[in-house]
Amino acid sequence: INITNGFSNNGTFTHGSGTIAFTGTANQNINGSSSTPFYNLISNSSVSVTPLTAMSVAGMLTLSTGNFVNTGSLLTLGNGSTIIRNDGTNLTGNAPIGGAYNLIYNGTLYSSGPEASANINDLTNNLTGTLTIAGNIAPVGDILNQAGTFASVANTISCSDLTNNAIWDSPSTILTLTGNLANNGTFNHNS
């Protein structure tokens with residue numbers, strides 16, 4: 001289902017295994033008196049998509065364009081769900097609740113948002129440029145730096161396994177691994 005305006009749920013909405021895409025050219029709101037469960041949700045609005053009532057995503061939340069504004073912690077992600085954040089997108093406001101969810105960055109470069117500070121399972125960086133981590137992160141699973149530069153600045157990072165296939169730049173990061181470190185690229189760390 002493609003939605004170019006708003007979405008209002010005042011009854012029962014059953015998601016099945018389908019996809020809802022917000023594709024408007026103005027701000028789009030998700031509201032109503034009932035919490036809305038989505039399976040896959042694509043935020044492809046040229047401006048923003050904002051939940052004004054509780055909502056959940058069981059499958060995949062894809063941020064294709066614009067902003068997804070999570071005010072008031074209204075976004076709940078299912079255990080094993082995935083956030084895909086592409087170029088030119090932001091998840092602003094509060095971190096999603098629920099999870100643990102997988103987090104994938106695609107495109108060229110940006111800073112992580114509140115999505116990186118919540119209950120992450122695995123984090124994958126596919127950026128061709130630089131991903132700058134804007135705060136402490138603690139995935140319960142693994143970190144895979146597949147491409148580009150993973151810049152962790154002066155943050156604390158803990159995870160199970162860390163696989164670096166590109167450039168890992170952590171000049172003053174506290175890095176704690178409960179699993180293995182596999183470096184197949186360039187690893188810069190002042191330990």
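Author: Gladly. Let us begin with pairing: two strands pair if DSSP finds at least two bridges between them. This is a predicted model, and in it Arg85 stands opposite Tyr105 in E13.

Reader: How do you know that strand E10 and E13 pair?

Author: Pairing needs at least two bridges. Strand E10 (residues 82–85) and E13 have four bridges, and they run in the parallel sense, so by that cut-off they count as paired.

Reader: What joins E13 to strand E15?

Author: Four bridges do, with the two strands running parallel. Within this pairing, Leu103 has Leu123 of E15 opposite.

Reader: Why is strand E13 called largely enclosed?

Author: Buried means under 20% relative accessible area. Four of the five residues of strand E13 (residues 101–105) are buried, so the rest of the structure largely encloses this strand.

Reader: What makes strand E6 and strand E8 a pair?

Author: The cut-off is at least two bridges, and two bridges link strand E6 (residues 48–51) with strand E8 (residues 66–70) in the parallel sense.

Reader: Which strands form the open sheet, and in what order?

Author: Five strands do, in the order E2-E4-E6-E8-E11, with parallel pairing. Strands E2 (7–8) and E11 (89–93) are at the edges: each has a single partner strand, so one side of each lacks a neighbour in the sheet.

Reader: How confident is the predictor about the protein chain?

Author: On a scale from 0 to 100, the chain has a mean pLDDT of 94, and 99% of its residues reach 70 or more.

Methods
Residues are numbered from 1 along each chain as its sequence is written. This is a predicted model: local features need pLDDT of at least 70, side-chain atom pairs count only at pLDDT 80 or more; totals for chains, interfaces and linings use all residues. Side-chain values use heavy atoms; hydrogens and water are left out. Buried means under 20% relative accessible area, exposed over 50%, partly exposed in between (1.4 Å probe, protein chains only).
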